[in-house]
Amino acid sequence: MKFRTLAAAAALAVIGAGAVVAADEPQVVRQEMMKKVGGAMGGLAGIAKGEKPYDAEIVKASLTTMSDVAKAFPDQFPAGSEAGHETEASPKIWEAMDDFKAKAAKFGADADAVLAAGVPADQAAVGAALGAIGPNCGGCHEVYRVKK
């Protein structure tokens, strides 16, 4: 179990290092942030579906990643960053920035609420947590993501 935890921490560190290298390019930073959330969501989904064994450390790390990213993510969309790197960010983000920020805040608040209640203790609790957090992803992607 400790090996998996160390492997997960190493993977998050590598992703974080990539974000630091590209700190002057918000398109790259936000793509790396979404990769972090995708990895966290995938880890939780695997546990919820029974495809991966329950691991409290991975659950906590995944929820913390979601919370942290949600707080910093909207800042990665400054005016003028609509163009550039290959991106799935819709122009609607800049047209409705307040709503976009509200959606990110709700995502973070929902992850924080799950953490505040205590780390989900088993597969069923992880599934319930995903039921509370997951719709935030789809709701934002439907409006603010361009499908390629």
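D99 is partly exposed, with a relative accessible area of 35% (buried means under 20% relative accessible area, exposed over 50%, partly exposed in between, with a 1.4 Å probe and protein chains only). The model is predicted, so local features need pLDDT of at least 70 and side-chain atom pairs count only at pLDDT 80 or more, while totals for chains, interfaces and linings use all residues. Residues are numbered from 1 along each chain as its sequence is written, and side-chain values use heavy atoms, with hydrogens and water left out.

D99 has a salt-bridge partner, K103, within helix α5. Helices here are DSSP runs of H or I with at least four residues, and strands are E runs of at least two, numbered from the N terminus. Helix α5 covers residues 97–116, 20 residues in total, and spans 28 Å from first to last C-alpha, close to the expected 28 Å (1.5 Å times one less than the number of residues).

The buried residues of α5 are M97, F100, A104, F107, G108, D110, A111 and V114. Viewed down the helix axis, these buried residues fall within an arc of 160°, so they line one face of α5 (the arc is taken over directions from the helix axis to the C-beta atoms). D98 and A116, on the other side of α5, are exposed. The cover over the buried residues includes α2 (26–48), α3 (56–72), α4 (92–95) and α6 (123–144), where contact means heavy atoms within 4.5 Å. Just after α5, G118 has a positive phi of about 110°.

Salt bridges come next. The count is five, the rule being a side-chain nitrogen of Lys or Arg within 4 Å of a carboxyl oxygen of Asp or Glu.

| Salt bridge | N to O distance |
|---|---|
| K71 and D112 | 3.1 Å |
| D99 and K103 | 3.9 Å |
| K106 and D110 | 2.7 Å |

K71 is exposed at 52% relative accessible area, whereas D112 is partly exposed at 29%. D99 and K103 are four residues apart in α5, about one helical turn. An α-helix has 3.6 residues a turn, so residues three or four places apart point the same way. K103 is partly exposed at 29%. K106 and D110 also lie four residues apart in α5, about one turn of the helix. K106 is partly exposed at 45%, but D110 counts as buried at 17%.

The structure holds five aromatic pairs, for which ring centres of Phe, Tyr and Trp (its six-membered ring) must lie within 6.5 Å, with planes under 30 degrees apart called stacked, over 60 edge-to-face and the rest tilted. One of the pairs is F73 with F77, edge-to-face at 5.0 Å centre to centre and 75° between the planes. F73 is buried at 11% relative accessibility, and F77 is buried at 5%. F100 and Y144 have ring centres 5.4 Å apart and planes at 80°, so this pair is edge-to-face. F100 in helix α5 and Y144 in helix α6 are 44 residues apart, and their pair links distant parts of the chain. Both F100 and Y144 are buried. F73, F77, W94, F100 and Y144 make up one aromatic cluster.
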